[in-house]
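User: I would like to learn how to read strand pairing, packing and chain contacts from a structure. Can you take me through one case?

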Amino acid sequence: MKSEVKQAKLCIQIEKDLTANRVKGLVDEAKRMVGQIDNYREISVDLSRVQHIDSTGISFIIGLYKSACSNSKAFKLTGLNEDIFGLFRLMKLDKILEIETA
Amino acid sequence: MTGKVLTFYLGGLLFGLDIVAVKEIQRNIEYTPVPDSPAHIVGLFNMRGQVVTLLDLAYLLNNGKEPEKGRAVCIVLKPRAEAPEHIGFLIDRTGSVVDIQDDISEGPPANMSGELTRFVKEVVKLNEELLMVIDSEVIFEQ
Amino acid sequence: MQNLEFIKEFIEEATVHVETVENGLLLFGNGTNEPDTIHGIFRAVHSIKGTAGFFGLQNIIKIAHVMENLLGEVRNSNLAITNDTVDYLLAANDCLKEMIVDVENSDDRDVSVHIENITAILENRKPNLPNEPAVEFVVTDEKNQEVLFADNEKTIITDALKHGHGLYKIRLRLNENVKANPSPVMFFNKLSSIGQIIDSYTDISEVGGLDDILNADINFIFLFTTVLEKNLITLALDIPEEDIVELDINTKKEDLAQILRKDLDFSSAFQKFDPLTEPRQMVQSSTGMANGVMDHSVTTEEMKPVNSSSLSTPLTASPNVDDAGDMVKKAQAVAVDDTVRVHVSLLNDLLNLASEMVLGRNQLLRCLEDHRKEIAGLNSVLQNIDNITTELQEKIMQTRMQPVAKVFNKFPRIIRELSKKLGKDIDLQMEGTEVELDKSIIESLADPLTHLIRNAADHGIERPEVRELQGKSKTGHIFLKAYHEGGRVNIDIIDDGAGIKVEKIKAKALERGLMRAAEAESMSEREILNMLFQPGFSTAEQVTDVSGRGVGMDVVKTNIEKLGGAIDIMTRPGQGTTFRLALPLTLAIIPSLIVEVAGQKFALPQVNLQEMVRIKPGDPNRKIERFQGAQVLRLRGRLLPIIHLGNVLGLRKESLDTTEVVRVLVLKIGTKQYGLAVDAIHDGEEILVKPLPRYLGECPCYSGVTILGDGKVAMILNPEGISGKANLRFTEEQRKKSAEEEQSAIESMAEAQNLLLFQCSGTETFSLDLSMVARVEPIQASQIERIGEKEYIQFRGDSLRVIRPEQYLPVTRREGQPDKLYVIIPKLVKYPMGILIHRIEDIIQTRVKFNQENIKAKGLVGSTILHNRIVLVINIYDLFELAAPEHYQIHERHSHSGNRRTVLLVEDTPFFAKMERSYLEWAGYRVLYGSNGKEAWDILQNSSVDVVVSDIQMPVMDGFELVKRIRSDQRLAPLPVIALTSMTDERSRQLGREAGFDFYEVKLDKERILDRLEEALRLRREAG
């Protein structure tokens, strides 16, 4: 997981899949990134390298979103592949999260 | 045919029935006549809670003689899969079970009379007499 | 694939479906193009696809899918069906059929040719409609939380329901339920392979932030339609059953959205929506999420890609299929099904054997009766076998029971369609769907009930604007309710509509010539309502295609009565109508009367039996007359055609011999009535109906066969068939007459009695007039104490002797008794004893008509027919005398007290008349009889009478009027007149004495009345 802040935007790049095993290792790092609240106004999560996502992965995204909300930051997802976008749409998560389509 | 045949007497003649088609023999049955039913129906009787329709085989074979009165012995046929109701017919008395081979049986003779040919599948040449093997399928068609 | 049981079920079901498809397609081949046919085919194919999807049977799914697409286009009139199309479809269906027979190898077949053929037809069609329906939005109204579905969503629901799909609300816990699957994407693919998501909502409130994500879960709540039953969904999706809620398919679409969101209300994180909060902030709270969904418009289009993609490329991922198998295995271990499927024929065999066993038991008991005392321990063994056998039979009967839900469940749909069609707003509520009835009754109930429901919707419920004008809610309500009552099951169909206008029925009946104006005047409201059941009666102002389809209420009534049931109407103008069906629990066993002709016994269903008439030779009042070669009986002023069963069945040649006693059964089929003469009448018997063996061919005189208590087969008579066979032709006039006759017979008996119906150990039903019953107490068998030959119970601190009627009456008796019994405590008797009974059947108000052919025995007043069965009316005084002769010896002094003097008995209730007459005659009086004051007065003019015994409450002329007339007549004034009444208060006595009665006594106190008679006669003599 890489992150950088540019133009008041916290860009988080998720590498490889977002599944239960991997999410466990990402949580602390994510908390650290998101915790620097003064650096940014918006979180943008790039999922373009994510092939698969499981339920814990979805929880992770929601968790990130909730953190953004509680810090009054905007939140955006980018680079979803077709499967994942379909899933988010089916779950109507696209009504909750801002999703930038390619 | 080759196999076991149950023989019985009806109207003085010896008949046989493939043992595979026979469910059981019932003796001393008390049957209930069914008024206003077809002539070949003798009546109904209760076999362990099952209602068995009794046919008058003698009448169907048109051999003229009525079965001996008084001792109602009847052969109950195995019901066919598509029609689970039981049927049976009265006989005078049972004979024995004989083993028959193809070489001692042949089709009914060309000059055999009327109704009999419909029911008789083949004739078996036993030592003392001729045995007429009845086609149980034809009985079910009644 | 491993689950054989389910596969077997699928094969059975699918075999039926492919046949439906084939037959339907053949109809098209013949040029028919009925919408019903195409719907039927479509549904069948759809069901095959749905279930095959569950098992991952790729080839079957593929073919069914293209067939469904094609049929869908035909159904929507986008494609005309040609012979070629039919041929291709038939070929595809044949392929389906073969694959279904050999499911295991179905996926090895090459089905591409069928798919190509059908796809080609589909592609060649010219699209006459835009391919994509216009995108519509779900509209949300925050205030009342009412969500309106887009039209295409409605279509999904309506379509799904039409196909017999269930509608479910499923709550999915993403982490918990989806974990086992490779990925949520896979899971949702599986989901759409078995059904369709109508609406959904994701509840993320549990996840508060990054800290929670490993333990908090995301709830995905969705409305789902599928062909699968609930238990199969749990298997297919591995979701616990409690998270799946089956929704009433009648649920209004508007309510569905609310149902979906109800979960939110339970969720702790949910806070009430505050309209003042700024929208942006809301999104940041969990509450906002909910509203986020509602604020934004969701289109079904968004869900479609998932569905259609998974359908056109069905479940190609092999892990998924393996998964389905695994899942079934796993689920099987978890949810052990505690039911077993058994073929009905096996149940019928069991039922047969059980009734055989009952017979065997009876024979055993008879054989060993004399040895009970000799062989130690035999008694308890016999009793045990007795009880077990009875229980066994009952339990087996129970296996044939099915819940009425089986019939009820189709009504929500019918009502939905009807409301649309009729432009009415109708709400259907159902209660007691779990109530069980015999399978055969359930099956025969569908048509009559559907008719009544349609009627209620069509004729009962008013149009919304009419309802509003009358201050009713716009929505009409129909309430369908099943419940137990007195050993029967009642089904009420209640509507809150316009009610039935008696005047309208009257007018219609007059117009149709179903009755005469004069009769109409004297008919009670209830009698007029019953005209509804006359053949050819319809109250709808215009015949609609909904209910006025030639199937009249008479058919409903006949069908219900065929089942041994009864139908009743209650209505209130402007408030609604209730139809009540009273049904027996089981059909297989019916009460019958055993009759004999030419030495052979036959069973006659009591349902058709009206009364029994015994005609003595030389009786001037009742004789069979020969008329134009036919024999007729004058019965209550009408000519009743008489036929002899022996003649009809060809058992006898000679015609009815009127020089001997002739026994005639008066039978009634609908409005037709005739007398069937038989040689002898035996007891009533409850018989188990078996179908007529098909080898008998057409035998119209019989409706079935049964095995009697003696183990012999007996034919069950069919009164309808017999009348046909005997060439009885009934004219309209005769039918009308018979209806009139029945009414006048009822009218002539004004005073109804309340009867307590009960059973003792045997099969007979007894009755006792409630006026003689002080109370009925339940007791435990253990409370009965035996002293010598007599039995006692403790009752109100005293010991009360109890008697069992079957010990003194010529009726059947069975050993053994239930743990719980009842004691009838009588009143109006001098030496009270309790009557021990096994079961209370009912309390009914009725007008008793005694049968002429009486079951003559001391202790019985006679027999009557109630609820289509013979009921023995107990003479409590005789019974007590039989049980305790010591108390009644004193009576002997009365035995000749009458001394041939003449009593005029005036009593309108036949029951009391019969009892009073019996003891007056016993005491040696000559009895003249009048059924009311007027009749008595006429008798007094012509006959010499020594004393009058009269009831007070009577129609036409009551007792007060009668006695006043007697007292004011010079010749009759000194005549002693005794009032017999059930009104025993001092005020009534006072009135009675003022009116001129010599004595005022309570009915049925035999000894006292005889004493009073003597006293009255003596006083008058002395005075004279």
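Analyst: Start with pairing. Two strands count as paired if DSSP finds at least two bridges between them. This is a predicted model, and in it strand E20 (residues 662-669) and strand E21 (residues 672-678) of chain C are joined by seven bridges in the antiparallel sense. One pair of partners is C:Ile669 and C:Lys672, the latter in E21(C).

User: Is E20(C) mostly covered or mostly open?

Analyst: Burial is read residue by residue. Six of the eight residues in E20(C) are buried, so the strand is mostly covered.

User: How do I read a whole sheet, and which strands of the six-stranded one stand at the edges?

Analyst: Write down the strand order, then look at the two ends. The open sheet of six strands in chain C has the order E27-E31-E32-E30-E29-E28 and mixed pairing. Strand E27 (773-780) and strand E28 (785-787) of chain C each have a single partner strand, so one side of each lacks a neighbour in the sheet. From one strand to the next, the twist averages 40°. E27(C) is paired with strand E31 (residues 820-826) of chain C through seven bridges in the antiparallel sense; within that pair, C:Ile779 has C:Leu821 as its partner.

User: What is the strand order in the open sheet of five strands?

Analyst: The order is E8-E10-E11-E13-E12 in chain C, again with mixed pairing. Strand E8 (426-431) and strand E12 (566-572) of chain C are its edge strands, each pairing on one side only. Ignoring direction, neighbouring strands here are turned by 15° against each other on average. E8(C) pairs with strand E10 (residues 476-485) of chain C in the parallel sense over six bridges, and C:Gln429 is opposite C:Phe479 of E10(C).

User: Which strands does helix H18 of chain C touch?

Analyst: For helix packing, read both the strands touched and the angle. Helix H18 (residues 411-422) of chain C touches E8 and E10 of chain C, and its direction makes about 170° with that of E8(C). Helix H19 (residues 439-460) of chain C also packs on the sheet, touching E8, E10, strand E11 (488-495) and strand E13 (576-584) of chain C. The direction of H19 makes about 20° with that of E11(C).

User: How many residues does each chain give to the contact between chain B and chain C?

Analyst: Count each side separately: 22 residues come from chain B and 24 residues from chain C. On the chain B side, strand E4 (41-47) and strand E5 (50-55) are the elements giving two or more residues. E4(B) provides the largest share, four residues. By class, the chain B side has eleven nonpolar, seven polar and four charged residues.

User: Where are the nonpolar cores, and how many residues has the largest?

Analyst: The largest has 115 residues, and those with the most contacts inside it include B:Leu44, B:Leu54, C:Val664 and C:Leu676. Beyond its neighbours within four places in sequence, B:Leu54 is in contact with residues including B:Tyr31, B:Val42, B:Phe45, B:Cys74 and B:Phe89. A second, separate core of 63 residues includes A:Leu18, A:Ile84, C:Ile198 and C:Val207.

Note on methods: Residues are numbered from 1 along each chain as its sequence is written. Chains are lettered from A and ligands numbered from 1 in the order in which they are written. This is a predicted model: local features need pLDDT of at least 70, side-chain atom pairs count only at pLDDT 80 or more; totals for chains, interfaces and linings use all residues. Two residues are in contact if their C-beta atoms, placed from the backbone, lie within 7 Å. Ala, Val, Leu, Ile, Met, Phe, Trp, Tyr, Cys and Pro count as nonpolar, Asp, Glu, Lys and Arg as charged, and the others, Gly among them, as polar. A nonpolar core is a set of buried Ala, Val, Leu, Ile, Met, Phe, Trp, Tyr and Cys residues joined through C-beta atoms within 7 Å. A residue is buried if 20 or more other C-beta atoms lie within 10 Å of its own, exposed if 12 or fewer, and partly exposed in between; C-beta atoms are placed from the backbone. Axes are lines fitted to C-alpha atoms, for helices over the stretch in contact, and angles run from 0 to 180 degrees between N-to-C directions.
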